[in-house]
Amino acid sequence: MTTKTPLRLTWWDVLLTALAPVIWGSTYIVTTQVLPPDRPFTAALIRVLPSGLLLLLYARRWPARGEWARLAVLSALNIGAFQALLFVAAYRLPGGLAAVVGAIQPLLVMGLAWGVEQRRPLASTVWAALAGVVGMGVLLLSPGTVFEPVGMLAALAGAASMATGTYLTRRWRLGMPVLALTGWQLWLGGLMLMPIALMADPPLPSLTLWQTLGYAYLSMAGALLAYALWFRGIARLAPVAVSSLGLLSPLTAVVLGWVLLGQAIKGSAFVGLAMVFASILAVQWTASRA
């Protein structure tokens, strides 16, 4: 019993944490099909600031005096920079293409752990993460794929920002409950995004009902719920295990494009799909055993 219970609890934590990237995977289709065009920073701002304020009002917990600097860094990496870059990529690239670059997140986390803590990753974990990158490439890349440079650079920078934030969130372990930590990061990240949105994006037009519902979904589900589950997972799982779950985001984007937009998935894509799923499971298994 003593060996089975921790593993059972670990896989329950994995399933809950996996809901976050699944929700984030819908960002691409909501952005391109529902939201007003060409307003990436406004979309990021509306996504994070209201949900952060709601969580702060609920949690009513202030950071300790010595935690403010680290909290600001985490807010910039996990929310401010990542959300801005995510929406830039979402507006400029097809749904799942940005995630080919995002697939390197587990490798970046392992590299940080190795470089900072001299903690060499297990070879099996490295190979499993590499299989995920290859599988994502097989799934999404084709001879007709268009590499829009700004979108690809945004996707690469977003992956680096999220990987660094995930690693530091686990390493620093700020002494706040998950909802308070989530709320402060969303709110501070939103404050960082506000001047950029006001200066870089045109004003919002009169919103339709669907556009209003799209923004509400991205805020309540895509930020409040998803980030609370994500930071809960960071506190309970190895950083590389959490990062590998991020591959579920592009998989969700691909499936939604197939089901809702009629985007075809060909034979080689199914091979890539299987490779990505196998990579996620392998990373989770090796991390839980370690």
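Which residue forms a salt bridge with Asp-13, with the closest N and O atoms 3.1 Å apart? That's Arg-232. Here a salt bridge is a side-chain nitrogen of Lys or Arg within 4 Å of a carboxyl oxygen of Asp or Glu.

A quick note on the source: this is a predicted model, where local features need pLDDT of at least 70, side-chain atom pairs count only at pLDDT 80 or more, and totals for chains, interfaces and linings use all residues. Residues are numbered from 1 along each chain as its sequence is written, and side-chain values use heavy atoms, leaving out hydrogens and water.

Searching the whole structure turns up two salt bridges:

| Pair | N to O distance |
|---|---|
| Arg-232 and Asp-13 | 3.1 Å |
| Arg-236 and Asp-13 | 3.9 Å |

Arg-236 sits in helix H10 and Asp-13 in helix H1, 223 residues apart, so this pair links distant parts of the chain; helices are DSSP runs (H or I, at least four residues), numbered from the N terminus. Through shared partners, Asp-13, Arg-232 and Arg-236 join into one network. Asp-13 is buried at 8% relative accessible area, where buried means under 20%, exposed over 50% and partly exposed in between (1.4 Å probe, protein chains only).

Now for helix H12, which holds Ser-249. Ser-249 is buried too, at 10% relative accessible area. Leaving aside residues up to four places away in sequence, Ser-249 touches Pro-21, Trp-24, Gly-25 and Tyr-28 (contact means heavy atoms within 4.5 Å).

Phe-270 belongs to helix H13 (residues 267-289). Phe-270 counts as partly exposed, because its relative accessibility is 40%.

Methods:
Helices (H or I, at least four residues) and strands (E, at least two) are DSSP runs, numbered from the N terminus.
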